[in-house]
Amino acid sequence: EEPEKSNPDSLRVLIKLSNGKRLERRFLKSHSLQALYDFVFCHDESPSEFVLVSNFPRKVYALDSSSEDQTLEDAGIEADALLFVQNIEDESDSD
């Protein structure tokens, strides 16, 4: 469930898909990085394999066994964060 805008522990995250479509949602700082990935993955236009990255400073918020339970706050995601979906399907197919 999306937290209220008035909740002091909520943060708004803007996500830009590779096709230019923008997603927006509020999360609690205590939500897991997995919850953010699940939100993006459930969107029809999301690639099946991706990582979330910020542009400046460039940081990759990769999801792996050591980070899936990490909170958004611990990952360094702040209010009004703008994250980009980087498709990694294409990269793994090119041999």
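R25 lies in strand β2, which spans residues 22–28. Strands here are DSSP runs of E with at least two residues, and helices are runs of H or I with at least four, both numbered from the N terminus. The structure is a predicted model, in which local features need pLDDT of at least 70, side-chain atom pairs count only at pLDDT 80 or more, and totals for chains, interfaces and linings use all residues. Residues are numbered from 1 along each chain as its sequence is written, and side-chain values use heavy atoms, with hydrogens and water left out.

R25 is buried but has no salt bridge. Buried means under 20% relative accessible area, exposed means over 50%, and partly exposed falls in between (1.4 Å probe, protein chains only). A salt bridge requires a side-chain nitrogen of Lys or Arg within 4 Å of a carboxyl oxygen of Asp or Glu. For R25, the nearest side chain of opposite charge is E2, 4.6 Å away. In this assignment Lys and Arg are positive and Asp and Glu negative; His and the chain ends are not counted. Beyond its neighbours within four places in sequence, R25 is in contact (heavy atoms within 4.5 Å) with E1, E2, P3, L11, R12, V13 and F39.

Strand β2 belongs to an open sheet of five strands. The order is β2-β1-β5-β3-β4, and the pairing is mixed. Two strands pair if DSSP finds at least two bridges between them. β2 and β4 (59–61) are the edge strands, each pairing on one side only. On average, neighbouring strands are turned by 35 degrees against each other, direction ignored. Axes are lines fitted to C-alpha atoms, for helices over the stretch in contact, and angles run from 0 to 180 degrees between N-to-C directions.

β1 and β2 run antiparallel and are joined by seven bridges. L11 stands opposite F27 of β2. The two strands form a hairpin with five residues between them. In the turn, G20 has a positive phi of about 95 degrees. β1 also pairs with β5, here in the parallel sense and over four bridges. V13 stands opposite A81 in β5, and L14 stands opposite L82. Five of the seven residues of β1 are buried, so this strand is largely enclosed by the rest of the structure.

L82 lies in β5 and is partly exposed, at 37% relative accessible area. L82 and L14 are 68 residues apart in sequence, yet their C-alpha atoms are 4.8 Å apart. Besides L14, L82 is in contact with V53 and S54, leaving aside neighbours within four places in sequence.

Helix α1 lies across β1, β2, β3, β4 and β5. The helix runs at about 110 degrees to β3. The largest nonpolar core has 21 residues. Such a core is a set of buried Ala, Val, Leu, Ile, Met, Phe, Trp, Tyr and Cys residues joined through side-chain atoms within 4.5 Å. V13, I15, L36, L52 and I77 have the most contacts inside this core. Two or more residues come from each of β1 (10–16), β2, α1 (33–41), β3 (50–54), α2 (72–75) and β5 (81–87). I15 touches K21, R22, L23, L36, F39, V40, L52, L83 and V85, not counting residues up to four places away in sequence.

The structure holds three salt bridges. One joins R26 to E2, with the closest N and O atoms 3.9 Å apart. This pair links distant parts of the chain: R26 in strand β2 and E2 in the segment before β1, 24 residues apart. R26 is partly exposed, with a relative accessible area of 24%. E2 is also partly exposed, at 36%.

R12 takes part in a network of salt bridges with E24 and D80. The closest N and O atoms of E24 and R12 are 3.3 Å apart. E24 in β2 and R12 in β1 are twelve residues apart. For R12 and D80, the closest N and O atoms are 2.8 Å apart. R12 lies in β1 and D80 in the loop between α2 and β5, so the pair ties together parts that are 68 residues apart in sequence. R12 is partly exposed, at 31% relative accessible area. E24 is partly exposed at 48%, and D80 is partly exposed at 48%.
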